[in-house]
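Please consult the sequence and the structure shown below while reading.

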Amino acid sequence: MKTEKNITELLLNKLNTFDPMKDSPESIPDEEGLYFMVLREEDALATWIRQAVPGYTMELFNGKPLLYLGISGRGLRKRDYKNHFTGNVRNSTLRKSIGALRFNLEDRAYRDEKKGKFKGEKEAEISRFMKENLVMYYVTKRQLNDGALRKIEKLFIEFCQPLLNLKENYNQRNKEFRKELNALRTSK
């Protein structure tokens, strides 16, 4: 579809990169935007997963396997760097999924119906994995000049099917993986 191609081209032309291994968090603007978390290497996730889950496939985004995407309404630096790269699973669904793929329930410090937190050393291990294995691409709302972040997010979830996006991801591909991941995230 022409519109999808145009949006993709527009996005790629305005894309910014944050590499947590070499860039300062201060380089990320603290404004609204759309972000894409990609793996540096395709097999990084496979070596992280603690147990056998259904097979999965990953689409490439800007030449790298797309893991997750989202909108930051509170500021890219605050939401994406602080919550995702250095926060805890209570404030980041991305961290929660990455942690659930690696650790057991016993590794959680506490949990209630929907929120949980891993023990300190496990949270640190999640942060280390993310910094060593993820790169973030982003575009600010101001760069797009149209404020259509939700529309673009929905379009990319539909067509790129990011592996760890569970909400609003109804694609058949990776359905069993997402089902198992959801069970790991919410098991008691």
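The buried residues of helix H7 are Leu149, Ile152, Glu153, Leu155, Phe156, Ile157 and Cys160, where buried means under 20% relative accessible area, exposed over 50%, and partly exposed in between, with a 1.4 Å probe and protein chains only. Helices (H or I, at least four residues) and strands (E, at least two) are DSSP runs, numbered from the N terminus. The model is predicted, so local features need pLDDT of at least 70 and side-chain atom pairs count only at pLDDT 80 or more, while totals for chains, interfaces and linings use all residues. Residues are numbered from 1 along each chain as its sequence is written, and side-chain values use heavy atoms, with hydrogens and water left out.

Helix H7 covers residues 149-160, and its 12 residues should span 16 Å at 1.5 Å a residue; the end C-alpha atoms are 16 Å apart, which agrees. The expected span is 1.5 Å times one less than the number of residues of the helix. Just after H7, Gln161 takes a positive phi of about 50°.

Glu153 is buried, with a relative accessible area of 12%, whereas Arg150 counts as exposed at 59%.

**Salt bridges**

Side chains of opposite charge can pair when their charged atoms come close. The count for this model comes to 8 salt bridges, including those in the table.

| Salt bridge | Closest N to O distance |
|---|---|
| Glu32 and Lys141 | 3.8 Å |

Glu26 counts as exposed, at 58% relative accessibility.

Glu32 forms a salt bridge with Lys141. Here too distant parts of the chain are linked, with Glu32 in the loop between S1 and S2 and Lys141 in helix H6 (residues 141-144), 109 residues apart. Glu32 is partly exposed, with a relative accessible area of 33%, and Lys141 counts as partly exposed at 33%.

Contact means heavy atoms within 4.5 Å. Not counting residues up to four places away in sequence, Arg77 touches Pro25, Glu26, Ile28, Pro29, Asp30 and Lys82. A polar atom of the Arg77 side chain lies 2.9 Å from the backbone oxygen of Ile28. The C-alpha atoms of Arg77 and Glu32 are separated by 9.3 Å, the two residues being 45 residues apart along the chain.

His84 is also found in helix H3. Is His84 buried or exposed? At 0% relative accessibility, His84 counts as buried. Its side chain is joined to that of Tyr35 by a polar contact of 2.9 Å. A polar contact is a pair of N or O atoms within 3.5 Å; within protein, one must be able to donate a hydrogen and the other to accept it, and residues adjacent in sequence count only if both atoms are side-chain atoms. Leaving aside neighbours within four places in sequence, the contacts of His84 include Met37, Tyr68, Ser92 and Met130.

**Helix packing**

H3 and helix H5 (residues 120-133) pack at an angle of about 130°, with their axes 9 Å apart. Axes are lines fitted to C-alpha atoms, for helices over the stretch in contact, and angles run from 0 to 180 degrees between N-to-C directions. H3 and H5 are therefore oblique to each other; angles under 35 degrees count as roughly parallel, over 145 as roughly antiparallel, 65 to 115 as roughly perpendicular and the rest as oblique. Tyr81, His84 and Phe85 of H3 make the contact with Ser127, Met130 and Lys131 of H5.

Helix H4 (residues 93-102) is mostly covered, with 8 of its 10 residues buried. H4 and helix H8 (residues 175-186) pack at an angle of about 90°, their axes being 9 Å apart. That makes H4 roughly perpendicular to H8. On the H4 side the contact is made by Thr93, Lys96, Ser97, Ala100 and Leu101, and on the H8 side by Phe177, Leu181, Leu184 and Arg185.

**The chain as a whole**

The secondary structure comes to 8 helices and 7 strands. Of the 188 residues, 48% count as buried.

How values were computed
A salt bridge is a side-chain nitrogen of Lys or Arg within 4 Å of a carboxyl oxygen of Asp or Glu.
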